[in-house]
Amino acid sequence: MSARREPEVDLALAREHGLSDGEYAEILTILGRTPSFSELGIFSVMWSEHCSYKSSKKYLKRLPTEGPCVLQGPGENAGAVSIGDGLAVVFKIESHNHPSFIEPVQGAATGVGGILRDIFTMGARPVASLDSLRFGPLEDPKHRHLLRGVVHGVGGYGNAVGVATVGGETTFHECYRGNILVNAFNLGVVEQNRIFKARATGLGNPVIYAGSRTGRDGIHGASLLASAEFDDSSSAKRPTVQVGDPFTEKCLIEACLEVMSGDAVVGIQDMGAAGLTCSSFEMASHAGTGIELDLDLVPQRESNMTPYELLLSESQERMLLVAQAGREDEVLSVYRRWGLEAVVVGRVTDDGRMRVRWHGEKVVDIPVDPVARLSPELDRPTREPADWLERQKLDPSALAPESDWNEALARLLDSPNLGSKAWLYRQYDQLVQGDTLIGPGGDAALVRIKRMDGTPTRKAVALSVDCNPRWCWLDPYAGTLAAVAEAVRNVACTGARPLALTNCLNFGNPERPEIMWEFAEATRGLGDAASELGTPVVSGNVSLYNETSGRAIYPTPTVAAVGLLDDYARHAVAHFRAAGRTVVLLGENREELGGSTWLAERHGIEAGRPPAVDLAHERRLAALLAEGVAAGSIESAHDISDGGLAVALAECCFTGPAQIGAEIELADAIRADALLFGETTGRVICASADADRLLALAARLGVPARRIGTTGGERLRIAPRAAEPWIDAPVASLREIWARAIPRRLEEP
Amino acid sequence: MFSVIQLPGSNDDRDLRFALKSVLGCAAELVWHEQASLPSDTRAVLIPGGFSYGDYLRCGAMAAYAPVMAAVRRFADAGGPVLGICNGFQVLCETGLLPGALVRNQGLNFICDFVHVRVERSAPPFTSRARAGSTLRLPIKHGEGAYFARPDELATLEREGRVLLRYCDARGEVTPEANPNGALANVAGVCNARGNVFGLMPHPEHAVDALFGGEDGKAILGSLVDAVRGGAR
């Protein structure tokens, strides 16, 4: 088709592009000829694991995605959920794992940029970000460097675009030494009748390119970097990492929201993974149309770019729009006012084909649907890991007895996994847009909702992101149930009603049956928990090949939950607010040590069965929290998770503006280590000024609840009935240990 | 009318307008950076926080040359009140309307946190609602907020009582530990010789509601409102 000197396309070249022999044969059938070099590039990115979800599709189809509040489920850039009064929230979480390991600052920054574009592409103003970060041990200087770089990237981008980072989670584990995880979440607000979709409708309508120029960066970022495991040569892939420009993104957000406030735009899509190719194919495919593009019109950052490069570049901060014919200038002028380039690069056609011209030559002419929709779906083999049952074996009677419970608590608070994350989030603007009711450091973040015109409402959304990878490794099904339960419980702790979920499924190499088994089990857990808790999965992302030289990460199905509070003034916080309050425990203490932080940190053991999850109880608990907070009988509510009851109580005492002690008495007849540090699910510590009413409400809703103590003083005392306390320590000194956990490790040379 | 300058990359522009309009009940509008003149009914100019033009060169350096800044300068020269917050403070230093500069935080990291500042002087149009010596709890969020001035400039500022805010601890003591960014003499905000141009790093617009960061920011913004309404005390 072309006389230019481009590589001859054959099976060998197709293999280099990550295509299988079967996939290449399929391409020959679809086209009825050998593809051009550009066409081969298109197929390779569109059918890559990252873009096509070919390994995961089978399982994702089984997730519950519908519910009364769902306006848009998976399939668009992000999910959308009604919050009433004509408003919707749009949200999604997405990974940027591979690029962040190769180049932490830009990898993390462009992760934030990418998720923001997914949100404002839908017409929503991005208002709140979360991030879920996983690193190797901080004793490793490389991981201290990665932590610094990722935080710098997340903050540098998020702060400059003016979107608050209001929460997240950060853990450190040996399994992430070869592959860190950077999962970025964003939520935006939009009027329900103003949600935009990626549709190239209307024969003859202009296709508009807006934003940054196209360069040679990020070519094959999605298909080669994120769709294969790492090995010793991975740093050679650095050129596939994109570079972010938050200033352009900020202007792009404002310009896009401005053009979308009118009716000249009919469809819009950001250029993310696989750039111009993916966005134009998706827009045409969703609308059942075709597109004609002229690459000579595409704004270019470098000279002599080939069609292959122009089509596959993943340069950041670019959007593709379809406008009503004759109204191009309205759209273009808005972008220009914001100092951005915007040009018409093509037209919508009606023949279902993608035609691309360059220097007057036709370089691509392929049918849209086979590329976009008929991408391969694999049914990869699954196999239970040989050591799976071995992992779950645990004999608590063989554990060395604990001699000093105060010291034990101090050691847990000093672990980077349980210690304060303020070193990270102090580097993030948590306040911009002025709606942060609860920022980082609590169970869930809480953000007031304003309408698109800036008018405040009484509503707020609660956000939390969670996953315990150790539990998922011990039992991916049970671990994922627990991740959903915890995210939902955290949201409920503010008093909000849980609405819906998004998720980022981070796993190893799917070509290994054991990894695929983990994936199958985890998605089964995600589906079961989402159904039972009435929180559909409205968006998500899959990141596979988080594996280096055959060593995979622990399965890490990160779950983010979003909840709604009708009156933001009535909310609970995680920390104790005042002395003299009754401390009430919701849920029951059970003897469950399996998979606990206690075992891992104090005994160096990762084994056992993760704590059981009772979804019916979680549902009642969420209802109790919502009702108790609304009625004013719950002043603070804190979920018991990593580190168990003793760590959760310590956090209640010292994470607020004032440090408030507590006297706690526990009469449970179970092992002291399990009682203090076991991680039994379904438990919340409340402080109440009206405990009788709270206990009556709990009894009515069928949630076990009892008084365990009172707040006040400067010490945290936890004692068995009528005996010497296990724990008796000044809150201030516990806080100091907890606050220094991460900074003191970063000060090491 | 309060004119809030909207530079490309301004982030707190709408928050500032919200604080003025919805909380303090004043007329406030955004004024686009390419405008050569301010709206004729402008009684005060506010330059918001953010990353104007990306701050890729030096914070506020590009913004100093925005067309609207010539109008802001004329407004200031005529005695009109001009308040620069965070990036706005940086812009005012870059335009020469305020002395000194804001350099990289001592710890090199961006800091978002609540700090205390001591009000050194109570005077219209920016601090009349606060008692001299009182402390305010306000948020900061910046990477380049360490105030720097030549020794002679700083001596002049001190002598003329132009340091209006200083970082302090919760009890109002100005100590090195209470200095979040390494600012010279714990300076958090300074005004010009005439007293009508004021720049500060903390964000009063993010502290105008008890549930969203407290209400101490009203001491600053409210003072300006009083001055504009002619009710300066």
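Two strands pair if DSSP finds at least two bridges between them. The legends below describe close-up views of a predicted model.

**View 1. The hairpin of strands E15 and E16 in chain A.** Strand E15(A) covers residues 445–450 and pairs with E16(A) in the antiparallel sense, over five bridges. Five residues lie between the two strands of this hairpin, and A:Gly454 takes a positive phi near 95°. Within the pairing, A:Arg448 has A:Ala460 in E16(A) as its bridge partner.

**View 2. Strand E16 of chain A and its pairing with strand E21.** Strand E16(A) runs over residues 456–466 and is mostly covered, with eight of its eleven residues buried. E21(A), residues 556–565, pairs with E16(A) in the antiparallel sense over seven bridges.

**View 3. The crossing of helices H3 and H11 in chain A.** Helix H3(A) spans residues 37–46 and helix H11(A) spans residues 275–287; their axes come within 10 Å and cross at roughly 75°. Angles of 65 to 115 degrees count as roughly perpendicular, and H3(A) and H11(A) are therefore roughly perpendicular to each other.

**View 4. Residues at the contact of H3 and H11 in chain A.** From H3(A), A:Ile42, A:Val45 and A:Met46 meet A:Thr277, A:Cys278 and A:Phe281 of H11(A). By class, the contact of H3(A) with H11(A) has five nonpolar residues, one polar residue and no charged residues.

How values were computed: Residues are numbered from 1 along each chain as its sequence is written. Chains are lettered from A and ligands numbered from 1 in the order in which they are written. This is a predicted model: local features need pLDDT of at least 70, side-chain atom pairs count only at pLDDT 80 or more; totals for chains, interfaces and linings use all residues. A residue is buried if 20 or more other C-beta atoms lie within 10 Å of its own, exposed if 12 or fewer, and partly exposed in between; C-beta atoms are placed from the backbone. Helices (H or I, at least four residues) and strands (E, at least two) are DSSP runs, numbered from the N terminus. Axes are lines fitted to C-alpha atoms, for helices over the stretch in contact, and angles run from 0 to 180 degrees between N-to-C directions. Angles under 35 degrees count as roughly parallel, over 145 as roughly antiparallel, 65 to 115 as roughly perpendicular and the rest as oblique. Two residues are in contact if their C-beta atoms, placed from the backbone, lie within 7 Å. Ala, Val, Leu, Ile, Met, Phe, Trp, Tyr, Cys and Pro count as nonpolar, Asp, Glu, Lys and Arg as charged, and the others, Gly among them, as polar.
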